[in-house]
Amino acid sequence: MKFRHVKSNSTNTMKFGTKAIHAGVHPDPTTGAIMTPIYQTSTYVQESPGKHKGYEYARTQNPTRDALQANLAALENGRFGICYASGLGATDAILKLFKPGDEIIASSDLYGGTYRIMVRVFQEFGLKFKFVSLDDPAALEAAITANTKMVWIETPTNPLLRLVDITAIAAITQQKQIMLVVDNTFASPYLQNPLDLGADVVLHSVTKYLGGHSDTVMGAIITNDEDTAKRLTFIQNACGAVPGPQDCFLVLRGVKTLHIRMQRHCENALKVARFLADHPKVSQVNYPGLETHPQHELAKRQMRDFGGMVSFELLGDSLPEAIKVMENFNVFSLGESLGGVESLCTHPASMTHASIPKEDREKNGLKDTLIRLSVGIEDVDDLIEDLRQAIEA
Ligand SMILES: *Cc1c(COP(=O)(O)O)cnc(C)c1O
């Protein structure tokens, strides 16, 4: 099995924006093309049986995918990157590292699809799941048993934008030798690098900020642990959740502007959050960049900026009114997903989180009237005007 060690001396010392553009990418050796070609091939010609250039069959290896994997690994300060057909394809691969009877503790405020694959798919195969609110790391210690093999966290969480203290959780998992996985989709590697804070594995829905242009579905896993990387690569090849080369090309292109996009996402989201917080018809705004966010201090410590996701509730808590606001938007589009250049709004209770039972949603503080915004990189004046007219109409 071949791994590209991306922590070469050059990328090791590069700053983030330079890595986003250059890490893992080399001019094409035959033509000098500066953009990595889309190697649209299923197989590779061998000189003699077993004698080849490191590529045998495209489920196993593809040069466009290799470049992207090395690039994403560099952005997360990791040694190994593996890309998948979707974020949930990556989640599936991680869950296949475990056996019936193994216990997994996940934070209770999770992406709906992650909850669904855990409870509806892997629980059927005998994995045991506990969902625990990990705002307080002490709750983790209380939930760990001798069979706990993995802890899964998301931070900031979707859609309530709560934080989990990665360093504090990692101190516990390292001491107990339990694998810590962080879904870093909401922050992106521009805002936070969980491996540097003690996590063992980072997962991304590349579909979101990394791709950034709402044109690709993809997942990625990054780790420093060679054994975990080998097992995941084996599972990927054995189970087949690989991304196509054209998608890898699109993400390689998208990632080149990740740092610039994230700067604008953060700038716009803070202005949107402040506007909403000051609006008399808004009762609650969730954004880690607001001083009123209960974990603002942790956000300042853990993240380099506060991200592009904002969620809010209207005064009066009326579902028909919340739906009306979402129908009134002109610039924000109503749709699932996030992290693209265009602003989106979502109704978590009926869309992204519909697979979580209503009582469980409400136990976690997710009301049916919550509206989630993925603040894009349009001119922020137009976004604020759109919110104003939608709320006041
Ligand atoms: C979208 C998302 C996923 C799933 O990724 P897909 O690419 O849609 O399969 C996982 N985690 C989070 C936080 C997400 O937002």
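Helices, of at least four residues, and strands, of at least two, are DSSP runs numbered from the N terminus. The model on display is predicted.

**First selection: Leu163.** Select Leu163, which is found in the loop between strand 4 (148–154) and helix 7 (166–176). Leu163 counts as buried because its relative accessibility is 0%, and buried means under 20%. Next, display the residues in contact with Leu163, leaving aside neighbours within four places in sequence: Asp135, Thr155, Pro156, Pro288, His293, Gln295, Leu298, Ala299 and Met303.

Select the ligand and the 13 residues around it, of which Leu88, Asp183, Ser205, Thr207 and Lys208 come nearest. By class, this shell has 5 nonpolar, 5 polar and 3 charged residues. A polar side-chain atom of Thr207 lies 2.7 Å from an oxygen atom of the ligand; for a polar side-chain atom of Ser205, the distance to a ligand oxygen atom is 2.8 Å. At Leu88, a backbone N or O atom lies 2.9 Å from an oxygen atom of the ligand. The ligand taken alone exposes 380 Å², and the protein buries 93% of that.

Move to Thr257, in the loop between helix 9 (245–255) and helix 10 (258–278). Is Thr257 buried, exposed or partly exposed? With a relative accessibility of 33%, Thr257 counts as partly exposed.

Methods. Residues are numbered from 1 along each chain as its sequence is written. This is a predicted model: local features need pLDDT of at least 70, side-chain atom pairs count only at pLDDT 80 or more; totals for chains, interfaces and linings use all residues. Side-chain values use heavy atoms; hydrogens and water are left out. Buried means under 20% relative accessible area, exposed over 50%, partly exposed in between (1.4 Å probe, protein chains only). A residue is near a molecule or strand if one of its heavy atoms lies within 4 Å of it. A polar contact is a pair of N or O atoms within 3.5 Å; within protein, one must be able to donate a hydrogen and the other to accept it, and residues adjacent in sequence count only if both atoms are side-chain atoms. Accessible areas come from the Shrake-Rupley method with a 1.4 Å probe; for residues, only the protein chains shown count as cover. Ala, Val, Leu, Ile, Met, Phe, Trp, Tyr, Cys and Pro count as nonpolar, Asp, Glu, Lys and Arg as charged, and the others, Gly among them, as polar. Contact means heavy atoms within 4.5 Å.
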